[in-house]
Amino acid sequence: MLRVSLRLRGAVTAPWTHRGSLLRGALGTGLSAACGGADVAGKHVCGRSDCAYAQVFKPGAPPPCILRPPLDPAATFGPGHDLDFELRLLGRGRRYIGEVAAAWRSVHEVDGAEVAGATVTIVGDRDLGLAPGSMDERGLTLNFVSPTELKYRGTHVDVPDPEALVAGVCGRIADLCRAYGDAPWDADHAAIRRLASAVVWQVLEGERMR
């Protein structure tokens with residue numbers, strides 16, 4: 001896992017709904033520059049089979065990483081502010097932890113705001129496995145730290161629902177295993193969703209996913 005702190009020299013507007021894409025954009029720019037690739041018609045081209053950019057931003061697949069954005073509630077961050085966040089690489093994406101760390105250290109701007117410097121710490125590079133586990137009988141608490149958009153059966157879900165959440169998680173795990181794992185995730189998604197539909201779910205008053 002990487003812990004990153006970007007010291008801003010300029011101001012940047014980063015509302016909750018855009019923080020993830022804003023930081024992924026900065027990472028893409030850094031990785032592209034680091035491998036010496038070129039932008040051709042909006043697509044990264046470098047010709048390297050081991051290109052970190054091509055693996056982390058593989059077309060048609062979700063990025064092999066989990067990005068925990070800055071939790072500061074402010075929408076605008078001024079000069080001298082530190083953007084602090086964490087990023088964990090998954091599966092074969094872990095091979096590029098060094099390149100990703102170097103890319104963050106070389107980032108010069110975020111959404112047009114100049115970056116004065118970056119501090120990157122590699123906390124650990126342990127793989128995030130998918131081995132079966134157990135759940136505490138007392139239950140499970142989900143805490144959404146940023147806005148989450150979820151669709152289920154073609155419809156947007158505003159209030160968290162166990163079946164919809166589990167369906168989304170199953171789909172994402174399957175996509176990640178297919179793109180970056182050693183083998184497909186062979187699970188009965190329909191059976192898992194049926195179990196989820198029987199979960200007793202309590203939503204805190206006033207809570208919404210977006």
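Is Arg 9 buried, exposed or partly exposed? With a relative accessibility of 47%, Arg 9 counts as partly exposed, where buried means under 20% relative accessible area, exposed means over 50%, and partly exposed lies in between (1.4 Å probe, protein chains only).

The model shown is predicted, and for that reason local features need a pLDDT of at least 70 and side-chain atom pairs count only at pLDDT 80 or more, while totals for chains, interfaces and linings use all residues. Residues are numbered from 1 along each chain as its sequence is written, and side-chain values use heavy atoms, with hydrogens and water left out.

**View 1. The whole chain, with its helices and strands.** The chain has five helices and eleven strands, these being DSSP runs numbered from the N terminus (helices H or I, at least four residues; strands E, at least two). Of the 210 residues in the chain, 31% are buried. When contacts (heavy atoms within 4.5 Å) are taken between residues at least 6 apart in sequence, 73% of them join residues at least 24 apart. The accessible surface of the chain comes to about 13,000 Å², and 51% of that surface belongs to carbon and sulfur atoms; the areas come from the Shrake-Rupley method with a 1.4 Å probe, and for residues only the protein chains shown count as cover.

**View 2. An open sheet of five strands.** The strands follow the order β5-β7-β1-β9-β8, with antiparallel pairing. β5 and β8 (109–110) stand at the edges with a single partner strand each, so one side of each is left without a neighbour in the sheet. Two strands pair if DSSP finds at least two bridges between them; β1 and β7 are joined by six bridges, and strand β5 (residues 65–68) is joined to β7 by four. Strands of a sheet pair through backbone hydrogen bonds, either parallel or antiparallel.

**View 3. Strand β7 and its two faces.** The covered face of β7 holds Leu 83, Phe 85, Leu 87 and Leu 89, whereas Asp 82, Asp 84, Glu 86 and Arg 88 make up the uncovered one. On the covered face, Leu 87 stands opposite Leu 67. On the uncovered face, Asp 84 is the bridge partner of Ser 5, and Glu 86 in β7 has Arg 68 opposite.

**View 4. The salt bridge between Arg 3 and Glu 86.** A salt bridge is a side-chain nitrogen of Lys or Arg within 4 Å of a carboxyl oxygen of Asp or Glu, and the structure holds five of them. In this one the side chains of Arg 3 and Glu 86 meet with an N to O distance of 3.2 Å. Arg 3 lies in strand β1 (residues 2–8) and Glu 86 in strand β7 (residues 82–89), so the pair ties together parts that are 83 residues apart in sequence. Arg 3 is partly exposed, at 43% relative accessibility, and Glu 86 is also partly exposed, at 25%.

**View 5. The salt bridge between Arg 9 and Glu 114.** The closest N and O atoms of Arg 9 and Glu 114 are 2.9 Å apart. Arg 9 belongs to the loop between β1 and β2 (12–13) and Glu 114 to strand β9 (residues 113–122), so that the pair links distant parts of the chain, 105 residues apart. Glu 114 counts as partly exposed, at 41% relative accessibility.

**View 6. The salt bridge between Asp 175 and Arg 178.** Here the side chains meet at 2.3 Å, N to O. Asp 175 and Arg 178 are three residues apart in helix α4 (residues 162–180), and are therefore separated by about one helical turn. Asp 175 is partly exposed, with a relative accessible area of 29%, while Arg 178 counts as exposed, at 58%.

**View 7. The aromatic pair of Phe 85 and Trp 104.** A search of the whole structure finds two aromatic pairs. The ring centres of Phe 85 and Trp 104 are 4.9 Å apart and the planes stand at 65°, so the pair is edge-to-face; rings of Phe, Tyr and Trp (its six-membered ring) pair if their centres lie within 6.5 Å, with planes under 30 degrees apart counted as stacked, over 60 as edge-to-face and the rest as tilted. Phe 85 in strand β7 and Trp 104 in helix α3 (residues 97–106) are 19 residues apart, and the pair links distant parts of the chain. Both Phe 85 and Trp 104 are buried.

**View 8. A nonpolar patch on the surface.** Leu 142, Phe 144, Val 199 and Trp 201 form the patch, with about 340 Å² of accessible area together. Patches are made of residues with over 30% relative accessible area and no salt bridge, where like charges are joined within 9 Å and nonpolar side chains (Val, Leu, Ile, Met, Phe, Trp, Tyr) within 5 Å. Phe 144 has its place in the loop between β9 and β10 (150–152) and counts as partly exposed, at 35% relative accessibility.
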